[in-house]
Amino acid sequence: VRAIQRLTSISDLRPQWLPVCWRVKSLTAAITYEKGECGMIFKGFARCFGDNITSDHLTPTKYKEYDFTMKDYAEHMMEDIRPGFYGEIKPGDFIVAGTNFGCGSSRESAAAAVREAGLSGVIAKSFNRTFLRNAVSLGVPLFECDTSVIREGDEIELNTDTGIIRTPNGEYRTTSFPPALLEVVLAGGMLDYFKENGRYKV
């Protein structure tokens, strides 16, 4: 928990990806992935956005008075800037964005909506630190890299063994959480991790 409280940015935590083995559970029933030698290989299509995507874009505040489940929020994701977005995505797709992804209010529903939509995760140039912490808690994979090379609809393959993202334009190295926190994320979040392990391995 202390590690999550100190979390400010992925890049600060780890200058480059190092291959590492993890015990892995399915993130959601909707996401299709293959097991690599040690970790996971995510496959999906890029759904591209710009800089400063806010928590209000992910879970519009106009619905906060409704008795919504997280699945309901997911169905309205991004509708203020891209109407019909939920209908476009397929299980396993990635949100791809620029800098400061997840800025705005601190509510966890923004990260939860990404998971409930069946997305593999988010690839961005940088993340808001509050969204970053919520993503760890809820088991949402985040990856940092130069996303300017990724286009809408590009087929993406991301290998967590190597940290390499493969696109039609080439292969690029991503940065993600340190091994201990990534294990929490791939377990499905803090609650699922504690249920399986009983404690956090420091």
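Colleague: What does the chain contain, in terms of helices and strands?

Modeller: There are 9 helices and 8 strands in the chain. The model is a predicted one.

Colleague: How many residues does the chain have, and what percentage count as buried?

Modeller: The chain has 202 residues, and 50% of them count as buried.

Colleague: What percentage of the contacts join residues at least 24 apart?

Modeller: Taking contacts between residues at least 6 apart in sequence, 70% join residues at least 24 apart.

Colleague: Let us turn to H6. How many of its residues are buried?

Modeller: H6 is mostly covered, with 6 of its 8 residues buried. The buried residues are Ser-109, Ala-110, Ala-111, Ala-112, Ala-113 and Val-114.

Colleague: And what covers them?

Modeller: The cover includes H3, H4, strand S4 (121-124) and H7.

Colleague: Take H7, then. How do the axes of H6 and H7 cross?

Modeller: Two packed helices are described by the angle between their axes and the distance between the axes. Here, the axes of helix H6 (residues 109-116) and helix H7 (residues 129-138) come within 8 Å and cross at roughly 50°. Because of that angle, H6 is oblique to H7. The crossing of H6 past H7 is right-handed.

Colleague: Which residues make the contact?

Modeller: H6 contributes Ala-110, Ala-111, Ala-112 and Arg-115, while H7 contributes Phe-131, Asn-134, Ala-135 and Leu-138. Sorted by class, the contact of H6 with H7 has 6 nonpolar, 1 polar and 1 charged residues.

Colleague: Could we look at Ala-112? Is Ala-112 buried or exposed?

Modeller: Ala-112, which is found in helix H6, has a relative accessible area of 4% and is therefore buried, the cut-off being under 20%. Leaving aside neighbours within four places in sequence, Ala-112 is in contact with Met-70 and Leu-138.

Colleague: What separates the C-alpha atoms of Ala-112 and Ala-74?

Modeller: Those C-alpha atoms are separated by 8.1 Å, and Ala-112 and Ala-74 are 38 residues apart along the chain.

Colleague: What follows H6?

Modeller: Gly-118 follows H6, and the phi of Gly-118 is positive, near 80°.

Colleague: Which residue has a positive phi of about 55° although it is not a glycine?

Modeller: That residue is Asn-52. Most residues other than glycine have a negative phi. Asn-52 lies in the loop between strand S2 (40-48) and H3. With a relative accessible area of 40%, Asn-52 is partly exposed.

Colleague: And where is Met-78 found?

Modeller: Met-78 is found in the loop between H4 and helix H5 (85-88). Met-78 has a positive phi of about 65°, although it is not a glycine. Since its relative accessible area is 0%, Met-78 is buried.

Colleague: Going back to loops, where does Thr-59 lie?

Modeller: Thr-59 lies in the loop between helix H3 (55-58) and helix H4 (70-75). Thr-59 counts as buried because its relative accessibility is 0%.

Colleague: What is Thr-59 in contact with, leaving aside its neighbours within four places in sequence?

Modeller: Thr-59 is in contact with Tyr-73, Arg-107, Ser-109, Ala-110 and Ala-113. Of these, Ser-109, Ala-110 and Ala-113 are among the buried residues in H6.

Colleague: A new topic: how many aromatic pairs does the structure hold?

Modeller: The structure holds 6 aromatic pairs. One of them is formed by Tyr-63 and Phe-68, which are stacked at 5.3 Å centre to centre, with 25° between the planes.

Colleague: Why does that pair count as stacked?

Modeller: Planes under 30 degrees apart count as stacked, and the planes of Tyr-63 and Phe-68 are 25° apart.

Colleague: What does Phe-68 form with Tyr-73?

Modeller: Phe-68 and Tyr-73 form an edge-to-face pair, with 5.4 Å centre to centre and 80° between the planes.

Technical notes: Residues are numbered from 1 along each chain as its sequence is written. This is a predicted model: local features need pLDDT of at least 70, side-chain atom pairs count only at pLDDT 80 or more; totals for chains, interfaces and linings use all residues. Side-chain values use heavy atoms; hydrogens and water are left out. Axes are lines fitted to C-alpha atoms, for helices over the stretch in contact, and angles run from 0 to 180 degrees between N-to-C directions. Helices (H or I, at least four residues) and strands (E, at least two) are DSSP runs, numbered from the N terminus. Angles under 35 degrees count as roughly parallel, over 145 as roughly antiparallel, 65 to 115 as roughly perpendicular and the rest as oblique. A crossing is left-handed if the near helix is turned anticlockwise from the far one by less than a right angle, and right-handed if clockwise. Contact means heavy atoms within 4.5 Å. Ala, Val, Leu, Ile, Met, Phe, Trp, Tyr, Cys and Pro count as nonpolar, Asp, Glu, Lys and Arg as charged, and the others, Gly among them, as polar. Buried means under 20% relative accessible area, exposed over 50%, partly exposed in between (1.4 Å probe, protein chains only). Rings of Phe, Tyr and Trp (its six-membered ring) pair if their centres lie within 6.5 Å; planes under 30 degrees apart count as stacked, over 60 as edge-to-face and the rest as tilted.
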